[in-house]
Amino acid sequence: EQRFATLAAAVPVGIFRTNLEGYCTYANDRCCEITGLTIEATLAFGWLQVLYLPDRERVLAQWKAAIDARADYQIEYRLQRPDGTIVWVDVQAVPEWDADSQPIGYVGTVTDISDRKQAALQLLESQQRYASLVAAAPVGIFQTDMAGNCLYVNDRWCEMTGLGLQTALGQGWQQALHPSDQEEIAAEWAQSTRHQRPFQLEYRFLRPDGTVRWVYGQSVVE
């Protein structure tokens, strides 16, 4: 118990204990910092008051299922602190057993993952903005790996070349190149990838209907 108390006071994550009904019997200082509750307000079923309402039903259902099965518990959800701040947490708990191998409760951790969730949200928003820009752009946009295998083309690129997205993937995009320009394009592309410098060249597309289109192609290394 002394070692547990020392560890709980030193670790940078919240630590709690409950009985088999979810009645909280212990919370360390870090747990209280994360929730915004005092220890007294956390104990018993006081911790329920900071569950973010939209997540409450899911959290309690999974907690009950874990207790009934005497199983490990792991979940990510939101807390709403008394000051209104929303905090994302990762909660993990495992059953505690007595000397006779009988379950007596749970011990668990609470980790503040708000920064990680915010970063993930910003990345998602950035990806959505990128996708919207690519879809709306009046120019053909493509993405390849370093070997020149096509990973993506937008609708405008397909309109310019007359090829469909699935046809363009991999090395299929080369079907759109005018035969007279393929050697020059291949040489310039090889130099660009070898030296990891931008690719810039004027060349022609030969569409399936025989139409020739002059284009200015450029790319940069990701």
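# Cavities, a pocket and a hairpin

Reader: Which residues lie nearest the centre of the largest cavity?
Author: Keep in mind that this is a predicted model. The lining of the largest cavity is made up of 16 residues. Nearest its centre you'll find Phe16, Trp47, Tyr77, Val91 and Val110.

Reader: OK, and which element gives the most to the lining of the largest cavity?
Author: Strand E1 (14–18), helix H2 (29–35), helix H4 (53–69) and strand E3 (73–80) each put in at least two residues. The top contribution is 3 residues, and it comes from E3.

Reader: How many charged residues are in the lining of the largest cavity?
Author: This cavity holds about 230 Å³ of space. Sort its lining by class and you get 13 nonpolar and 3 polar residues. As for charged ones, the count is none: no charged residues.

Reader: How many cavities of 30 Å³ or more does a search of the whole structure find?
Author: Besides the largest one, there's a second largest cavity with about 150 Å³ of space. Searching the whole structure at that cut-off of 30 Å³ or more gives a total of 2.

Reader: Where does the largest share of the lining of the second largest cavity come from?
Author: Its lining includes Trp157, Trp173, Trp189, Phe199, Tyr203 and Phe205. By class, that lining splits into 11 nonpolar, 1 polar and no charged residues. At least two residues each come from E6, strand E7 (150–153), H8 and E8. The largest share, 3 residues, is from E8.

Reader: Let's move to the open site. What is the volume of the largest pocket?
Author: The lining of the largest pocket runs to 30 residues, with Phe142, Gln143, Gln218, Ser219 and Val220 nearest its centre. By class they come out as 18 nonpolar, 9 polar and 3 charged. The pocket's volume is about 800 Å³.

Reader: Which element gives the most to the lining of the largest pocket?
Author: Several elements supply at least two residues each, among them helix H5 (114–136), helix H8 (182–195) and strand E8 (199–206). Strand E9 (212–219) is on that list too. With 5 residues, the biggest giver is E9.

Reader: E8 and E9 both came up there. Which residue in the turn of their hairpin has a positive phi?
Author: The two strands pair in the antiparallel sense over 8 bridges. Between them sit 5 residues, making a hairpin. The turn residue with a positive phi, about 90°, is glycine 210.

Reader: Which residue in E9 stands opposite glutamine 200?
Author: Glutamine 200 lies in strand E8. Apart from neighbours within four places in sequence, its contacts are Glu188, Tyr216, Gly217 and Gln218. Its opposite number in E9 is glutamine 218.

Reader: How far apart in space are glutamine 200 and glutamate 188?
Author: Along the chain, the two are 12 residues apart. From C-alpha to C-alpha, the gap in space is 8.2 Å.

Reader: Is glutamine 200 buried, partly exposed or exposed?
Author: Its relative accessible area is 46%. Buried would need under 20%, and exposed would need over 50%. The value falls in between, so glutamine 200 is partly exposed.

Reader: Which backbone oxygen does the side chain of serine 192 reach?
Author: Proline 198 is one of the residues that serine 192 touches. At 3.5 Å, the side chain of serine 192 reaches the backbone oxygen of proline 198.

How values were computed. Residues numbered from 1 in each chain as written. Predicted model: local features only at pLDDT ≥ 70, side-chain atom pairs only at ≥ 80, totals over all residues. Heavy atoms only, no water. 1 Å grid on protein atoms, 1.4 Å probe; cavity = no way out; pocket = protein on both sides within 12 Å on 5 of 7 lines; lining within 4 Å. Points joined across faces, edges and corners; volume = space filled by probe spheres on them. Helix = DSSP H or I, 4+ residues; strand = E, 2+ residues; numbered from the N terminus. Nonpolar A, V, L, I, M, F, W, Y, C, P; charged D, E, K, R; others polar. Polar contact = N/O pair within 3.5 Å; in protein donor to acceptor, adjacent residues only side chain to side chain. Contact = heavy atoms within 4.5 Å. Pairing = 2+ DSSP bridges. Buried < 20%, exposed > 50% of the residue type's maximum accessible area, 1.4 Å probe, protein only.
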